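Dear colleague,

I am handing over the structure below, and after it I set out what was found. Please read the notes with the model open beside them.

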Amino acid sequence: MKSLKKLLVLLLLPLMAFTAAHKFYVSVTNVNYSEKDKALQITSRIFIDDLDKLLLERYDLKAQLATGEESPLADAYLEKYLRAKFVIEVNGNNVDYTYIGKKYDADVVIFYIEVPNVDKATLKSVQIENEILTDLFDEQQNVVHFKIGDQKKSFVLVKSRTKGMLNL
C-alpha cells in the first residue's frame, strides 16, 4: 500500500509542476457600435497581475491593483499606457477616444473606452492597433472582436502583427 502511494505521488508530481509553470499572456477586446449613442464602445480585459508587473517595470510604480493599498497614481499611469499602446483609426484616420475608466472583475481589469460621434452611414473601416503588454511579454496575444451592425470579425494580434481592421 505504501509503495502504491509513493508511485502515485511520483506519477502525479510532474503533472502538477507543469500546471503551475505555464502562464498565458492574453487580453480580450470587444469593439461594438452603439446605434443609440452613435459611438464605438470598447471594453478590454487584461489580467491584473500582468498590469501590476507592467506598471512596476515601465513606471517604477508599485500599483497593487485591486487591493486596499492601490496607488492613487495607478489610474493615470494605466490611461497613459493605454493611449500609447492602443490606437483606433476610423476610415483611415486616427481618432481620439474617451477613457471612461476601469473596474475589477476577479483577476482582470476591464477598461471602458468610447469613440463618440461616429456616423454609421459614413463608417467604412475601423482599425485597432493593440500593442498592450507586447513590450513586456513576447508571448502576449491580444484578441480583438469587432461587431458593427451585422459585421463580425476577430483577430489575434501579437508582437509582430499588432493591427486588425474591419472593413464595412
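How much accessible surface does the chain have, and what share of that surface belongs to carbon and sulfur atoms? The accessible surface comes to about 10,100 Å², and carbon and sulfur atoms account for 55% of that area. Please keep in mind throughout that this is a predicted model.

As to the overall layout, the chain holds three helices and ten strands, and their order along the sequence is α-β-β-α-α-β-β-β-β-β-β-β-β. Of the 168 residues in the chain, 38% are buried.

Helix α3 is described here in some detail. This helix has twelve residues, and the distance from its first C-alpha to its last is 16 Å, which is close to the 16 Å expected at 1.5 Å a residue. Its buried residues are Ala-74, Leu-78, Tyr-81, Leu-82 and Lys-85. Because these residues cover an arc of only 100° around the axis, they sit on the same side of α3. The partners against which the buried residues of α3 pack are α2, β3 (86–90), β5 (98–105), β6 (108–115) and β7.

Turning to the aromatic rings, a search of the whole structure finds five aromatic pairs, and two of them are described here. Tyr-25 and Phe-137 form a stacked pair, with 4.0 Å from centre to centre and 20° between the planes. This pair links distant parts of the chain, since Tyr-25 lies in the loop between α1 (2–21) and β1, while Phe-137 lies in the loop between β7 (125–130) and β8 (141–148), 112 residues apart. Both partners fall under the 20% limit for burial: Tyr-25 counts as buried because its relative accessibility is 18%, and Phe-137 counts as buried because its relative accessibility is 5%.

The pair of Tyr-59 and Tyr-77 has ring centres 4.8 Å apart and planes at 40°, and is therefore tilted. Because Tyr-59 belongs to helix α2 (residues 48–59) and Tyr-77 to helix α3 (residues 74–85), the pair ties together parts that are 18 residues apart in sequence. With a relative accessible area of 17%, Tyr-59 is buried, whereas Tyr-77, with a relative accessible area of 26%, is partly exposed.

Where does Asp-37 lie? Asp-37 is found in the loop between β1 (26–34) and β2 (39–47), and its relative accessibility of 37% is why Asp-37 counts as partly exposed. Although Asp-37 and Val-118 are 81 residues apart in sequence, their C-alpha atoms are 8.9 Å apart in space.

Thr-162, for its part, is placed in the loop between β9 (151–157) and β10 (163–167), and at 12% relative accessibility Thr-162 counts as buried. Which residues does Thr-162 touch, not counting residues up to four places away in sequence? Thr-162 touches Ile-128, Glu-129, Asn-130, Glu-131 and Leu-157, with residues up to four places away in sequence left out of the list.

Conventions:
Residues are numbered from 1 along each chain as its sequence is written. This is a predicted model: local features need pLDDT of at least 70, side-chain atom pairs count only at pLDDT 80 or more; totals for chains, interfaces and linings use all residues. Side-chain values use heavy atoms; hydrogens and water are left out. Helices (H or I, at least four residues) and strands (E, at least two) are DSSP runs, numbered from the N terminus. Buried means under 20% relative accessible area, exposed over 50%, partly exposed in between (1.4 Å probe, protein chains only). Contact means heavy atoms within 4.5 Å. Rings of Phe, Tyr and Trp (its six-membered ring) pair if their centres lie within 6.5 Å; planes under 30 degrees apart count as stacked, over 60 as edge-to-face and the rest as tilted. The expected span of a helix is 1.5 Å times one less than its number of residues. The arc is that of the directions from the helix axis to the C-beta atoms. Accessible areas come from the Shrake-Rupley method with a 1.4 Å probe; for residues, only the protein chains shown count as cover.
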